[in-house]
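Please look over the sequence and the structure below. The paragraphs after them go through a few residues and their contacts.

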Amino acid sequence: MGKCFQVVVVRDYDPTRDLKRVEELEKSCEVGSLLVDLMGDPLARIRQSPSFYMLVAEIENEIVGMIRGTIKTVTRGGNALHDGTSPVISTTKLAFVSGLRVSPYYRRMGIGLKLVQRLEEWFRLNDAAYAYVQTESDNAASVKLFTEKSGYSKYRTPIFLVNPVFNHRVTVPRRVKIIKLDPSAAESIYRNRFSSTEFFPSDINSILTNKLSLGTFLAVPRGGDYVSGSLPGSWAVISIWNSKEVYKLQVQGTSRLKRTLAKTTRVLDGALPFLKIPSFPNLFKPFAMHFMYGIGGEGPRAAEMVEALCSHAHNVAKKSGCAVVAAEVGSCEPLRAGIPHWKALSPEDLWCLKRLRDDDGVDWTKSTPGLSVFVDPRDL
């Protein structure tokens, strides 16, 4: 029987019977040259969210597709009131489409579309007003599936900024002081300063106290200090998420020459760390990553404060054995200049958004972008 005439069954993921077959499918579906190893837990990337769900597509006892989804409440963005100061904060229940995979042999059969539609049924049953998906802007097949076949709109184009972790420690400028905040102080800053930022999660406290969150760090000018409820004229903040405990990555398809050149930089950096050679990490075997989220700040030296925090995050990642440290920010993010990254490792993303019901007032899919977006590390 031709594959176009085979019956596709979409059902809930059952870890007791599907685990091994799902792992095999994941390995067969490379994302470009990047392999993702979920280390034996297909739910690893979504189980930190308040509500999550996974579906598989099956043909004659063979798993040929899968998809994951989560739901949370977020801010749609703030608009200034007539006095020009206080924002109107509007929240909505947002669903996230994650980890869509279809076996290479069974593509162009409508399996991906079927999985998306079934997942959206779960979204609606759980009162989600919108759904969004993240994909790389040059992933033509994914963009076509969501925008042409599934009714999603191209919405935001953030950039994923990746910086290598070198063999040497990066110097944090002495003119900047780094303070580690306890979760309650971090939550206070985020709610007071960022709660009107687009995609800000209402359960920020759950993220900051999650076992994968390595802490929130505040940068202030040396000689200044932080007193609860009072910030200096220039400051910045970031939090660090330990993706190392969730998945590992591996780059494939690179030539032997490039791998040799990369290894040479690491050897030189390790032998002569005082020269601070910008070595290329070993991305050609499974590697781990730390993710910087909740990036923000204010004042004339805010970008400088962010850069100091990124240096601190680099050193934390080095101590943990990670190969890269990454962040994702909006295309218009004012503090983007303070985030070190290698352009060759930093793709432009595309976020697509779909309205699932029309009874919540203003249509968020047609809103103009703000300067910043809050990237939830649980969606990474």
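**A loop serine and the salt bridges**

Ser234 sits in the loop that runs between β10 (213–221) and β11 (235–242); helices (H or I, at least four residues) and strands (E, at least two) are DSSP runs, numbered from the N terminus. This is a predicted model, in which local features need pLDDT of at least 70 and side-chain atom pairs count only at pLDDT 80 or more, while totals for chains, interfaces and linings use all residues. Residues are numbered from 1 along each chain as its sequence is written, and side-chain values use heavy atoms, leaving out hydrogens and water.

Ser234 counts as buried, at 6% relative accessibility. Buried means under 20% relative accessible area, exposed over 50%, and partly exposed in between (1.4 Å probe, protein chains only). A polar atom of the Ser234 side chain lies 3.0 Å from the backbone nitrogen of Arg301.

Side chains of opposite charge can pair when their charged atoms come close. The structure holds 21 salt bridges, each a side-chain nitrogen of Lys or Arg within 4 Å of a carboxyl oxygen of Asp or Glu. One of them joins Arg378 and Asp203 (2.8 Å, N to O). Arg378 lies in the segment after β15 (349–355) and Asp203 in the loop between α4 (183–194) and α5 (204–208), so this pair ties together parts that are 175 residues apart in sequence. Arg378 is buried at 4% relative accessibility, and Asp203 is buried at 17%. Arg378 also meets Asp376 in a salt bridge (2.7 Å, N to O); Asp376 is buried too, at 2%.

Conventions. Polar contact = N/O pair within 3.5 Å; in protein donor to acceptor, adjacent residues only side chain to side chain.
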